[in-house]
Amino acid sequence: MKFGDKILDYKDELFDDLNKLLSLESIDGVKPEECEKALGFMLSRARDFGLEGERVTDKSAHVQLGSGGKLCGVLSHLDVVPAGNNWSVNPFALTEQNGRLYGRGIADDKGASLVSLYCLRALKENGVQGKNTLRVIYGTAEETGMEDMDGYFKAQPLPDLAFTPDSEYGIGFAEKGILQIKISTPTNEAKVLSQFHSGKAVNAVPDIAYALLDSSDYDEQRLMRLADAGGGNFEFNYTIDGLMIISRGKAAHACQPEKGVNAAAELIDLIANAYDVEDIGTLCSFIDYALNRETNGRSFGIKMSDAVSGALTVNLGTVHIEDETAFAELDIRYPVTVNGDYVFRQFKNVAERSGIKVEITHHEKPLYVKKDSELIGLLSGAYESVTGEKPELYSSGGGTYARKLGGNGVAFGPNFKGDDIRMHNADESVDKQNFLKHMQICLEAMYRLYTE
């Protein structure tokens, strides 16, 4: 019997706790009190299990087992993206349906966070004697830039070996650079477009957008003809303030924007085909010709790829235009062998030629861990012992805590390829049997980190 199998003894109690954790709307920057409750819940349960927990900063904490030897870490986050629209179940509860577990955070990343705590409990209660120090480290600002881990590692040492269960199996040895950019104009000079709103998070494809237009009957008929001829999903409503157009798309994670349908980009394309620049303003016109509903950066002149991590992607995450304000935020994931400064310079050159102000709001450099490292060997062994298969070593456009570990960490689980988890989308869910398998792999990996 593999040690990882012992986690299944705790599954009923774990699912009960998971329902409580998922009920917290821990959205960083929106509901800080819920993020606080999520950290408090984990530390409280750690005390219940007889484990040592410590609050490190207002947005981070850890729970520890053992002392001495190497410092080994498992990092996960308790914050989530907003629920968004079009859920078929309550997003802030654990729902089991047709062999799947639903809830915001079940896949990203509350499910894995709770599993790591229960793995510490299993090690302790089964009397395992480790030669290393094992910490599970929690943050509540991963979705908004990972400043939680910046603060944590100012106060605590980097682990010698670590993984973050915040991606897919097998092992994510490389992660693209993340460049988040805000573009704006000094004012909203549009003559016809009075409002445009879409998106709550730069790292998600927006599934809804709306624009308010001071339009004529002729404009409205032309817009409807263009909408019928195009591929978008639009709704037209007449209000006292003008014509409101609602665009509906499909949400997706910014690391794979091609899997979604960007409601903002679709709506900008529609109105840009119906009006001149002065009617819709410089910002929308720039987005239309420089982004052009693309996700590969071609019109920006930044289309590129490498053999290690694949192609650059661009996501239009938010657009907000109202009164004198006009800005948008974009998320660019660039290949690991590319210099991020070059990508930004190229982007900035294109934007400034159109009178667009550009600023970097967040930049995470790429992660790249050698495939023959001790860590990858250990995690590969744990994965193979549970599944009977060798793990694939892959690169990702996702941004995980692994890139905060100075080359000492990788992404490892919790989700399985082929499982439609709908991360950052409505009806986020995981296959229940896959979740149980992750529990076993995670405990086996933590057992090996603790004892080898």
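## A residue pair in the sheet

Tyr-102 stands opposite Ser-429 in β26. Strands here are DSSP runs of E with at least two residues, and helices are runs of H or I with at least four, numbered from the N terminus. The model is predicted, with local features requiring pLDDT of at least 70 and side-chain atom pairs pLDDT 80 or more, while totals for chains, interfaces and linings use all residues. Residues are numbered from 1 along each chain as its sequence is written, and side-chain values use heavy atoms, leaving out hydrogens and water.

## Sheet and helix

Strand β5 (residues 100-102) pairs with β26 in the antiparallel sense over 3 bridges; pairing requires at least two DSSP bridges between two strands. The open sheet has 3 strands in the order β4-β5-β26, with antiparallel pairing. Its edge strands, β4 (95-97) and β26 (429-431), each pair on one side only. From one strand to the next, the twist averages 25 degrees.

Helix α11 (residues 432-451) packs on this sheet and touches β4, β5 and β26. The direction of α11 makes about 80 degrees with that of β26. Axes are lines fitted to C-alpha atoms, for helices over the stretch in contact, and angles run from 0 to 180 degrees between N-to-C directions. Contact means heavy atoms within 4.5 Å.

## Nonpolar cores

A nonpolar core is a set of buried (under 20% relative accessible area, 1.4 Å probe, protein chains only) Ala, Val, Leu, Ile, Met, Phe, Trp, Tyr and Cys residues joined through side-chain atoms within 4.5 Å. The largest has 71 residues, and those touching the most other members include Leu-379, Phe-435 and Met-446. Helix α11 supplies the largest share of this core, 10 residues.

How values were computed
Buried means under 20% relative accessible area, exposed over 50%, partly exposed in between (1.4 Å probe, protein chains only).
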